[in-house]
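Hi there,

Here is the structure I promised to pass on. My notes on it follow below.

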Amino acid sequence: MTRVAFIGWRGMVGSVLLARMQAEGDFKALEPVFFSTSAAGGDPPDVGVPAPPLGDAHDLEALADFPVIVTCQGGDYTKAVHPRLRAMGWRGYWIDAASALRMAPTSTLILDPVNGAQVQAAIAGGARDLIGANCTVGLMLVATVGLFRAGLVEWVTAMTYQAASGAGAANMRELVEQMGYLAGQAPHPAEGALALDRAVQAAFGHPAFPDAAFGHPLAGNVLPWIDTALPSGQSREEWKAQVEANKLLGLDPPVPIDGTCVRVGALRCHSQGLTIKLKKAAPLDEIEALIAEANPWVEVVPNTREDSLARLTPAAVGGTLRVPIGRLRKMTLGDTYLNAFTVGDQLLWGAAEPLRCALQQVLAVSA
Ligand code: NAP
């Protein structure tokens, strides 16, 4: 059985990956060894098969012994370890959730419902660095790849509503702590809505308000900046949309994609409002069919109030592999302007599931 090293398995993405692999019985087909940057020598997670104590995730000699490394640790770890392993002559498969290697020419972006066949061909052609795409970009493409494949898309704007868990385990917890803190400050209902508003505003500025991870309130607030700043005026999260989507789809010339990425107080699941400029005025029923038939995970939600509120929300989608897209209508801007809203669990198809699929593909050729 193939020995696989897992790093970053206790974070948000890693723990969802392990849960999915257990649910699918994947661990029966490999020999897992777990590593840690903080607790080497500790107990491994219980994944239903035996595993040795935690290895040291910075022990390059130990890692170089593995034909496959799966890491959900983060970009700093990737930058510190991957180049040194390759410099040592390591030829194994590196499967990674972090953004550090995504745009490297030697990297293949992985998103099974969108480019599974191309990933398989890349592996057969010698690709060794298989990198998960940005969660928001991946979910947008799972939802809309049918339109791209039909060559219908001239450009896209994506206005995102990104969940706290996209920033990691500590941030997810902090959002709930902020909610709890605010609830604790609420005055008696008899004092009225303005008293409630004053209490919340006062809480935002209070030293005891829990904001160490985000640096700002997220509960009762929105944060219109994710990741670092670029000279273009975009945030890095916004820049990723065009470069990663076009790399994933193999498009040249690229389709322009841009928008504003916003953190909101959802716990899990990213949502995005899309304006899709079509190259021609295709009828709405044809558009819906192209979207729905593109892969087994996308789901067209009828553009009604009831369906949208029941089926097109983080609350309805969290923890599932479904990627619904709805609010589909021609905009008043013109017949070639398509409005859409889509929601997806950014820890599943947005992060862990593409890694799981790539690992399956690698194991199939390593066996
Ligand atoms: P995370 O939850 O912060 O976990 C990363 C690592 O932090 C863990 O593996 C763990 O490493 C360490 N850690 C420290 N304190 C922790 C705590 N209280 N609970 C759990 N782990 C803790 O990060 P993540 O969201 O999984 O992201 C990992 C990588 O995937 C990043 O590069 C991120 O950009 C990328 N990514 C994330 C998402 C997402 O939706 N979250 C989506 C796509 C890609 P040790 O066990 O070694 O200490």
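Of the 23 residues around the ligand, the nearest are R10, M12, V13, T37 and S38 (near: a heavy atom within 4 Å). This is a predicted model, where local features need pLDDT of at least 70, side-chain atom pairs count only at pLDDT 80 or more, and totals for chains, interfaces and linings use all residues. Residues are numbered from 1 along each chain as its sequence is written, and side-chain values use heavy atoms, leaving out hydrogens and water.

One of its oxygen atoms is 2.8 Å from a polar backbone atom of V13, and a backbone N or O atom of A169 lies 2.9 Å from a ligand oxygen. A ligand nitrogen is 3.0 Å from a polar backbone atom of S165. The protein covers 75% of the 880 Å² of accessible area that the ligand has on its own (Shrake-Rupley method, 1.4 Å probe).

Now to the strands (DSSP E runs of at least two residues). Strand β13 (residues 337-344) is largely enclosed by the rest of the structure, because six of its eight residues are buried (under 20% relative accessible area, 1.4 Å probe, protein chains only). Strand β10 (residues 270-278) pairs with β13 in the antiparallel sense over eight bridges (pairing takes at least two DSSP bridges), and Q272 stands opposite T342 there. Strand β12 (residues 323-330) also runs antiparallel to β13, joined by four bridges, with T342 as the bridge partner of I325. β12 and β13 form a hairpin with six residues between them, and G334 in the turn has a positive phi of about 150°.

Best wishes

Notes
A polar contact is a pair of N or O atoms within 3.5 Å; within protein, one must be able to donate a hydrogen and the other to accept it, and residues adjacent in sequence count only if both atoms are side-chain atoms. Buried means under 20% relative accessible area, exposed over 50%, partly exposed in between (1.4 Å probe, protein chains only).
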